[in-house]
Amino acid sequence: GFDETGQELLHRLPESGSGEIKYGAQLTVRDSQAAVMYYKGRAGDAFGPGRHTLKTGNIPIITKILSAPWAGTSPLRAEVYFVNLKVFPNLKWGTRDPVAFRDSELGFVRLRAHGVFNIRIVQPVLFINTLAGTMGKYTTEQIEGYLRRVIVSRLNDYLGETLDTLFDLPAQFDELAVGLKKRLDKDFIRFGLALDELYISSITPPEEVQTAIDDRSRMGAIKDIDGFVRMKAGMAMEKAALAGNEAGAGLGLGMGMMMPAMFANTAPAGNVTNAQQQGCGQPSAAVPTTQCSDCTNTIPADARFCPFCGHQQVVILQCSNCGKNLTAGAKFCSRCGHSADEKPAARICSNCQNENLPGAKFCDNCGQQII
């Protein structure tokens, strides 16, 4: 294999420039790989695992680009990108600089957040056309910084929309991770990537805010102040009983007699049966399926075209305005009419003039909602 580091998303052959690929040449693609023909700065068709004989019949997109006089028999100067389709785990994300959050109780607060995420390439042609082809990104290290910025920006938006105050934060870590992943799925698929997992390791406010949250959590846990005082008194009696003198021995005996009554209601509700743990049966084997990237219907995983909407499953380009999959050579989106070459514009905060990612709803710098 070409990848000795385990972090290479794709590998180009030849490594520099373009090579002469003749009619009838053999292309061998290994398992967990896809091969993409690249001609005149644009990715063409994709090939799955196996051995392929390169003819005009199985390079339909390249064929449209070539001029007719060659009749498909002339040498073709092009490159082949071998795309790694495995899962790339344990990529780090986090805030380089604290992001701003407007808390309903604490006011303006700056937060730091960190976590990990896993990605894999699901649309090789789209990935090359959007990231590798235009940005020259070939390894996880090279795209990690950009994806980290996307995650942090969407986290800022998600917190601004769903979290009222940081006092509610400790109980919502899991819900935040699930909601943030759903929000990011659309961003990642526009690069031909799938976000397999996303974890939030920490969201850290300033030390004085963290102290206030801890104090509020302690007060929330003590719902019965009188009972709390009686518990403290009982603990003091227990310590006295351990002192070793006659009075302490008497107290210890009394506490020992009270223990069964104190724990009478703490028995487990019941044991889970083996049948419940193991389930009622094993799932039956099913034909591998996937979702059509355009109409979202369930289709066979090896389908080249969707039987419901007819859309080609090798996504080449997507409209930056509405996300519609575009056909090869399209100049305008068939859904919204925007130019196929149109790029999403950065959002400028009217309050501090900070430049934010396209689609951002809250400013990373000042926390103000972007209108």
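Student: In which strand of this predicted model is Asp103 found, and is Asp103 buried or exposed?

Tutor: Asp103 is found in strand 9, which covers residues 99-103. The model is a predicted one, and in it Asp103 has a relative accessibility of 6%. Since buried means under 20% relative accessible area, Asp103 in strand 9 counts as buried.

Student: Which backbone nitrogen does the side chain of Asp103 reach, and which residues does Asp103 touch when those up to four places away in sequence are not counted?

Tutor: The side chain of Asp103 comes to 2.7 Å from the backbone nitrogen of Glu105. Leaving aside residues up to four places away in sequence, Asp103 touches Val109, Asp164, Thr165 and Leu166.

Student: How many aromatic pairs does a search of the whole structure find, and what is the angle between the planes of Phe117 and Phe188?

Tutor: The search of the whole structure finds two aromatic pairs. In one of them, Phe117 and Phe188 lie 6.3 Å apart centre to centre and are edge-to-face, with 80 degrees between the planes. This pair links distant parts of the chain, 71 residues apart, with Phe117 in strand 10 and Phe188 in helix 4. Both Phe117 and Phe188 are buried, and the angle asked for is 80 degrees.

Student: Why does the pair of Tyr146 and Phe191 tie together parts that are 45 residues apart in sequence, and which of its residues counts as partly exposed?

Tutor: Tyr146 and Phe191 form an edge-to-face pair, 5.7 Å centre to centre with 70 degrees between the planes. Tyr146 lies in helix 3 and Phe191 in the loop between helix 4 and strand 11, so the pair ties together parts 45 residues apart in sequence. Phe191, at 15% relative accessibility, counts as buried, whereas the residue that counts as partly exposed, at 27%, is Tyr146.

Notes. Residues are numbered from 1 along each chain as its sequence is written. Side-chain values use heavy atoms; hydrogens and water are left out. Rings of Phe, Tyr and Trp (its six-membered ring) pair if their centres lie within 6.5 Å; planes under 30 degrees apart count as stacked, over 60 as edge-to-face and the rest as tilted. Helices (H or I, at least four residues) and strands (E, at least two) are DSSP runs, numbered from the N terminus. Buried means under 20% relative accessible area, exposed over 50%, partly exposed in between (1.4 Å probe, protein chains only). A polar contact is a pair of N or O atoms within 3.5 Å; within protein, one must be able to donate a hydrogen and the other to accept it, and residues adjacent in sequence count only if both atoms are side-chain atoms. Contact means heavy atoms within 4.5 Å.
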